[in-house]
Amino acid sequence: MSAYFWDDPIAILYIIIAFLIMDNLWAVYLLLRDINLTYKTNRVPSVISPYLPQELYDKMRVYKIHRGWLTIVNTLLTAVIMGILELYFGFYAWLYGMAGKCAVAKWMEHEACVSVIFVLMLSIYFWLKNVPAMIYEKCCIKSLQPRAKPSFWFRICHFFVDLILGAVVTTAVVVALVYMFIGLGAYAPLGLYLQSLILTVIILLLVPFLIDPFVGKRVPLENSNLRSQLENLTRQVGFPMSQVRIIRVHDPNMGSNAFFYGCCCLKRIVIFDTLLLNRGKQDLTQLSPEELGRGLTDPQVTAVVAHELGHWKNGHFYKAILVFQFHLILTIILFAFLFAHGPIYQAVGFAPGLQPIVIGCFIIFGFVLTPYMTLANFSMLSMTRCFEFQADRFANRLGYASELRQALLKLYADNMAFPVSDPCYSSWNHTHPTILDRLARLDEVRR
């Protein structure tokens with residue numbers, strides 16, 4: 001029975017479709033729970049009411065409900081219904097055949113070239129599939145943080161630049177992937193892991209140097225009182241003050257934030273200037289009306305940095321890298337086990353013996369491994385939320401629980417983050433605990 005199931009393309013097709021349905025319906029169920037709780041909670045929670053006016057809370061509530069229903073409808077239509085039809089009628093095999101017919105020259109008949117054409121055509125198809133939802137969101141869901149609209153020509157140029165860069169990067173990645181699998185043969189999954197490992201190391205080394213130019217501009221900390229508090233804090237825990245950076249962000253709508261990143265000599269605590277009260281400026285005439293009063297007081301900023309130091313002291317960066325590597329190795333092992341199995345390709349419409357490399361990667365990572373990917377994502381989200389609680393406890397041990405509590409309340413209000421979320425939905429979707437959970441834990445550890 002097991003051998004029959006493993007070698008039967010029809011059975012495999014139905015199982016892939018079942019994975020698709022269960023994964024998306026589970027996501028819809030979680031979102032329905034969250035929307036239902038949002039409907040019921042029509043008053044600002046008392047703990048955050050001093051920082052969040054009822055009028056703004058009502059707008060945030062309507063916005064969250066509206067976006068939630070859009071996500072549900074779009075998921076059911078594009079992911080579930082259209083996804084089932086695409087798999088059942090062999091859409092991906094048909095599209096790959098169309099890509100082959102576009103190979104008008106002899107050199108274009110190589111699998112790498114056909115794969116590039118297929119991926120570009122598939123990208124266009126996915127974009128067109130999501131156009132109705134993008135138009136509806138743009139026209140019918142009013143943003144809570146309206147931004148200045150760039151000129152029409154700027155948007156056109158930006159669109160074509162993104163299009164060209166996306167096509168170039170996609171072409172390079174697909175060609176490298178196909179040639180790697182052709183060259184390494186049975187050892188290709190090992191090459192895929194090594195490639196991912198090298199890319200991870202490059203990113204870890206480069207990101208600390210790319211934060212300044214891409215996110216904003218590094219500026220000196222002019223507030224002597226805040227500098228004194230941060231120096232005392234970093235000296236207390238043994239973290240170099242020179243690695244605490246203030247970044248004047250290019251986009252003030254990016255939100256108030258601070259984060260720890262890196263290891264050894266590349267470690268950083270980055271503080272966006274939007275986290276500082278009035279962006280740390282003495283001359284308030286330089287600020288827009290929306291920026292006035294936003295940000296944290298000096299003790300509250302120090303408490304947030306104490307929280308980030310908790311991530312460093314507890315080794316969360318190293319732990320996250322190790323867990324991710326374990327996840328990556330397990331994913332590659334599962335991929336290697338499935339990649340060469342012909343009935344999987346036949347299940348999505350390919351003739352026996354035809355097993356395109358790019359199709360194998362797309363179907364296995366995108367559909368067959370869905371249950372594992374969903375559970376792995378849940379596990380890693382649980383880990384990151386645990387890290388947040390540990391960092392909060394570290395700040396409490398340093399004596400900053402009260403200031404951190406006030407900082408969290410102010411940050412959620414400034415960033416217009418809706419404070420209420422269903423616990424089950426949050427556990428499957430959020431990297432951070434909800435504010436109400438964090439405040440409750442802080443109150444527990446302070447007792």
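Mentor: Two strands pair if DSSP finds at least two bridges between them. Strands (E, at least two residues) and helices (H or I, at least four) are DSSP runs, numbered from the N terminus. This is a predicted model, in which local features need pLDDT of at least 70, side-chain atom pairs count only at pLDDT 80 or more, and totals for chains, interfaces and linings use all residues. Residues are numbered from 1 along each chain as its sequence is written, and side-chain values use heavy atoms, with hydrogens and water left out.

Trainee: Which strands stand at the edges of the sheet?

Mentor: The open sheet has four strands with mixed pairing, in the order β1-β2-β4-β3. A strand with a single partner has one side left without a neighbour in the sheet, so the edges are β1 (216-219) and β3 (258-261).

Trainee: Which residue of β2 stands opposite valine 219?

Mentor: Strand β2 (residues 244-249) pairs with β1 in the antiparallel sense, over four bridges. Opposite valine 219 stands isoleucine 246.

Trainee: What is the bridge partner of phenylalanine 260 in β4?

Mentor: β3 and β4 run antiparallel and are joined by four bridges. Their hairpin has six residues between the strands, and glycine 262 there takes a positive phi near 100°. Across in β4, phenylalanine 260 has as its bridge partner isoleucine 269.

Trainee: Is α10 roughly parallel or roughly antiparallel to α13?

Mentor: Helix α10 (residues 316-339) and helix α13 (residues 370-397) have axes 11 Å apart and pack at about 175° (lines fitted to C-alpha atoms over the stretch in contact; angles run from 0 to 180 degrees between N-to-C directions). Under 35 degrees is roughly parallel, over 145 roughly antiparallel, 65 to 115 roughly perpendicular and the rest oblique. That makes the arrangement of α10 and α13 roughly antiparallel.

Trainee: How does α4 lie relative to α5, oblique or roughly perpendicular?

Mentor: The axes of helix α4 (residues 91-101) and helix α5 (residues 111-140) come within 8 Å. They cross at roughly 125°, which means that the arrangement is oblique.
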